Amino acid sequence: QTHAIAWNTTSKELETELSAVYVPVIKGILGYRIFLIRSEEQARFNSISTLAELTQFTIGQGKVWNDNAILRHNGFTVLEAEASGLVKMLLAKRFDIYSRGIHEPWVELKPDIQISIEKNLMLNYPLPIYFFVNPANKALHQRLTWGLEHLINTGQFDQLFNNHPIYSEAMDKINFHKRKSFNLINPNLSPQTRALLKQDKYWLK
């Protein structure tokens with residue numbers, strides 16, 4: 001389908017198959033991760049000050065999630081399962097942490113389920129989502145690139161992003177700027193994406 005547009009977290013492999021529009025469409029927000037934990041266990045995390053200490057905890061992740069390889073590359077033990085069963089597995093102590101994007105965990109929190117959001121820690125790794133198009137459709141690729149760059153350069157992109165309720169409510173709830181953040185390496189980034197990491201206008205800071 002020459003005119004189709006897809007969006008997905010990127011990888012070197014995907015960028016060889018499709019033509020990526022190199023503008024992170026949600027400012028890399030998916031790479032900022034906070035943790036669902038068992039409600040009674042916050043104290044286990046209060047004294048963590050190094051990544052080595054944090055990697056002693058096992059992380060639960062969905063099968064074939066793109067960031068499983070990132071976590072393993074940075075020293076974590078990852079247990080993969082169907083995403084629909086991860087909360088039950090956390091409660092059953094199959095792993096210690098259920099890692100979620102900062103805008104994602106709220107739907108899991110229910111009054112009758114004894115899980116909570118860990119209060120102090122956060123992971124950060126580059127995991128951009130791009131639009132992808134058929135390599136044969138150069139006009140569509142150029143138009144999307146121009147349009148997104150125009151929105152960023154005029155400030156309209158940040159205005160839309162910062163005022164979106166999913167983002168703004170999440171930032172308020174998690175005390176984003178007060179958390180201790182551990183920066184991880186994503187080993188599966190293309191040279192084009194690595195170059196983008198140096199340009200602050202594309203990323204949540």
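The side chain of Asp96 reaches the backbone nitrogen of Thr58 at 2.9 Å. A further polar contact, of 3.4 Å, joins the side chains of Asp96 and Arg44; a polar contact is a pair of N or O atoms within 3.5 Å, where within protein one atom must be able to donate a hydrogen and the other to accept it, and residues adjacent in sequence count only if both atoms are side-chain atoms. The model is predicted, so that local features need pLDDT of at least 70 and side-chain atom pairs count only at pLDDT 80 or more, whereas totals for chains, interfaces and linings use all residues. Side-chain values use heavy atoms, with hydrogens and water left out, and residues are numbered from 1 along each chain as its sequence is written.

Asp96 is found in the loop between α4 and β6; helices (H or I, at least four residues) and strands (E, at least two) are DSSP runs, numbered from the N terminus. At 14% relative accessibility, Asp96 counts as buried (under 20% relative accessible area, with exposed over 50% and partly exposed in between, for a 1.4 Å probe and protein chains only). Leaving aside neighbours within four places in sequence, the residues in contact with Asp96 include Leu36, Ile37, Arg38, Phe57 and Leu90, contact meaning heavy atoms within 4.5 Å.

The loop between α4 (86-91) and β6 (97-101) also holds Lys93. Lys93 is not a glycine, yet has a positive phi of about 65°, and is exposed, with a relative accessible area of 54%. A positive phi, near 60°, is also found at Lys27, in the loop between β2 and β3 (32-38). Lys27 is buried, at a relative accessible area of 5%.

Three strands form an open sheet in the order β1-β9-β2, with antiparallel pairing; two strands pair if DSSP finds at least two bridges between them. Because β1 (5-9) and β2 (19-21) stand at the edges and have a single partner strand each, one side of each is left without a neighbour in the sheet. The twist averages 40° from one strand to the next, where axes are lines fitted to C-alpha atoms, for helices over the stretch in contact, and angles run from 0 to 180 degrees between N-to-C directions. β1 and β9 (residues 129-133) run antiparallel and are joined by five bridges. Within this pair, Asn8 stands opposite Tyr130 in β9. Helix α5 (residues 138-153) lies across β1, β2 and β9, and runs at about 15° to β2.
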